[in-house]
Amino acid sequence: MDAVALEKGATEDDSAAKDAASTAPGSRSLSGEKAQRIVEAMRRSVARRGTAGSTFDHVSREAGVSRGLLHYYFGTKEQLLVEAVRRDCELRLELLERQLSRAQTADDFIDLMAQNLQETVRLDPDFVTLVFELFTLSRRNEDIAVEYAEFMRRTREQVAGMLADAQHEGILHLHAEPEAVAEVLFSLGDGLALRMLAEPNRDLTRTVQAGITCARALLTD
């Protein structure tokens with residue numbers, strides 16, 4: 001993006017923020033292509049620099065929008081990180097739900113979940129880093145801790161709903177309440193993802209298979 005286009009975009013962004021200045025902070029929302037550019041820029045920045053180094057200056061330049069627009073809609077870079085994780089997770093869970101809806105057996109269900117985890121780590125490690133960064137930040141920031149807990153609750157309940165539906169259809173036989181099973185599956189997936197990122201050149205095939213065995217014990221007769 002050249003300097004003229006960037007300056008024009010920044011002017012338009014600042015004008016949009018001023019026009020919406022009377023909007024209550026809680027109801028401010030940014031949608032569409034600019035929002036996606038901002039979120040993607042934050043993801044890339046956090047993956048390269050971490051949260052501490054991901055300033056609004058960096059993110060706004062990479063997204064091709066004004067710094068003021070980021071301040072207006074997100075307030076702080078921590079809130080932008082929360083939004084980036086939230087948007088990513090919503091898209092990924094929607095995709096997972098569509099994939100799992102095609103499962104005919106418990107093995108189909110389990111294999112799809114394992115495949116989803118491995119493809120996420122291999123194809124989009126920035127997302128995994130983003131989630132871990134948000135967790136680390138939540139340990140030091142009370143407001144972010146509340147946001148992170150809410151994010152965990154929503155994702156847990158959504159996956160629990162998928163598990164309950166599969167059990168109702170006779171595909172799975174859960175050995176605990178759906179939310180408890182979802183929590184264990186998330187814990188298993190998070191741990192495996194961390195190890196995959198830490199040792200990218202190591203063959204973890206047997207480790208993944210052991211994880212699948214654990215999941216099968218929770219999900220099948």
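This dialogue walks through a few features of a predicted model.

Q: How many helices and strands does the protein chain have?
A: Helices (DSSP runs of H or I, at least four residues) and strands (runs of E, at least two) are numbered from the N terminus, and the protein chain has ten helices and zero strands. Because the model is predicted, local features need pLDDT of at least 70 and side-chain atom pairs count only at pLDDT 80 or more, while totals for chains, interfaces and linings use all residues. Residues are numbered from 1 along each chain as its sequence is written, and side-chain values use heavy atoms, with hydrogens and water left out.

Q: Which residues of helix α3 are buried?
A: An α-helix has 3.6 residues a turn, so residues three or four places apart point the same way. In helix α3 (residues 56-63), Phe-56, Val-59, Ser-60 and Ala-63 are buried, that is, under 20% relative accessible area with a 1.4 Å probe, protein chains only. They cover an arc of only 95° around the axis (taken from the directions from the helix axis to the C-beta atoms), which puts them on the same side of α3. These buried residues pack against α2 (33-53), α4 (67-74) and α5 (77-100), with contact meaning heavy atoms within 4.5 Å.

Q: How much of the protein chain is buried?
A: Of its 221 residues, 41% count as buried.

Note on methods: Buried means under 20% relative accessible area, exposed over 50%, partly exposed in between (1.4 Å probe, protein chains only).
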